[in-house]
Amino acid sequence: MDRTSPVPLYFQLAQQLESAVENGTLTPGTLLGNEIDLATRLGLSRPTVRQAIQTLVDKGLLVRRRGVGTQVVHSTVRRPLELSSLYDDLDAAGQLPATRVLVNRVEPATGPVAAALRVPEGSEVVYLERLRTAHGEPMAYLRNHLPAGLLGPGGPDTERLETTGLYRMLRSAALTLHSARQAVGARAATAAEAALLDEREGAPLLTMERVTFDDTGRAVEYGSHLYRADRYSFEFQLMVRP
């Protein structure tokens, strides 16, 4: 703690605890002990520790459990707006990603899907639905369309989809992912979506639609994804135009 800094001590402590949660030093389920022990150990007043903990409770990173104490719940994934996959981002952050494939089939392309992938309406495309978890907790509901035959005549292997990310599979098929067009938004969860994501019906969800192109300009993936707003955020870097 920097006691000469104008930044309040409770905020400095909250930042250090949040950083420890985000980088995995404090893993989900870790008990922090009671406020008196923490205050004594850190040489801070109990109100300072209480305010720091409350800050992280309000963010959903910690929870107070009667008879147990203050416990780490989870970290929020902050994803930069760049051409990367959720699986790779979670894996790099030590978030223990896992996938359950809900749907893996070939179907006719609807008008919006055909327009996104630049294929004739009604032509065959691969449709995937997956539930992505981190530390065993649902985080995202992923829906993707791919041109038929992109990953071989049989389409993507379900077993492999459950152990790796879609972008890794595309790259292993000698595809060079070059750019994407993406839109981010928000809406309320339907009953079915809430059940999948372990949320309440009407809970806020982040939405993301992305069309990804290879280095020849061909559209190779159209994704329409839903993310739990309490576990996930997008980061933007804004530059001042000269």
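Student: Okay, S7 and S10: how many bridges join them, and do they run parallel or antiparallel?
Tutor: Six bridges join strand S7 (residues 137-147) to strand S10 (residues 219-228), and the two run antiparallel. Keep in mind that this is a predicted model.

Student: What holds paired strands together, in general?
Tutor: Strands of a sheet pair through backbone hydrogen bonds, and the pairing can be parallel or antiparallel.

Student: Now the three-stranded sheet. What's the order in that one?
Tutor: S1-S3-S2, an open sheet again with antiparallel pairing. Strand S1 (31-33) and strand S2 (62-65) are the edge strands, pairing on one side only. Neighbouring strands in this sheet are turned by 30° against each other on average, ignoring direction.

Student: How many bridges between S1 and S3?
Tutor: Two, in the antiparallel sense, with S3 covering residues 69-72. For a spot to look at, Leu31 stands opposite Gln71 in S3.

Student: Switching to helices. How do the axes of H1 and H3 cross?
Tutor: Helix H1 (residues 9-22) and helix H3 (residues 46-58) have axes that come within 8 Å and cross at roughly 45°. H1 and H3 are therefore oblique to each other. The crossing itself is right-handed.

Student: Which residues make that contact?
Tutor: From H1 you have Leu9, Tyr10, Leu13, Ala14, Leu17 and Glu18, and from H3 there are Thr48, Val49, Gln51, Ala52, Thr55 and Leu56. By type, the contact of H1 with H3 splits into eight nonpolar, three polar and one charged.

Student: What about H2 against H3, what's the angle?
Tutor: Roughly 115°, with the axes of helix H2 (residues 35-42) and H3 coming within 9 Å. Angles of 65 to 115 degrees count as roughly perpendicular, and H2 and H3 are therefore roughly perpendicular to each other.

Student: Left-handed or right-handed, that crossing?
Tutor: Right-handed for H2 and H3.

Student: Which residues meet there?
Tutor: On the H2 side, Glu35, Ile36, Leu38 and Ala39; on the H3 side, Arg46, Val49, Arg50 and Ile53. That contact of H2 with H3 divides into five nonpolar, no polar and three charged.

Student: Last topic, confidence. What's the mean pLDDT of the chain?
Tutor: It's 83, and 86% of the residues reach 70 or more.

Student: Which elements have the lowest and the highest mean?
Tutor: Strand S4 (residues 77-80) has the lowest at 52, while helix H8 (residues 191-197) has the highest at 94. Where pLDDT is low, the predicted coordinates should not be read in detail.

Methods: Residues numbered from 1 in each chain as written. Predicted model: local features only at pLDDT ≥ 70, side-chain atom pairs only at ≥ 80, totals over all residues. Heavy atoms only, no water. Axes fitted to C-alpha atoms, helices over the stretch in contact; angles between N-to-C directions. Helix = DSSP H or I, 4+ residues; strand = E, 2+ residues; numbered from the N terminus. Parallel < 35°, antiparallel > 145°, perpendicular 65-115°, else oblique. Left-handed = near helix turned anticlockwise from the far one by under 90°. Contact = heavy atoms within 4.5 Å. Nonpolar A, V, L, I, M, F, W, Y, C, P; charged D, E, K, R; others polar. pLDDT = per-residue confidence, 0-100. Pairing = 2+ DSSP bridges.
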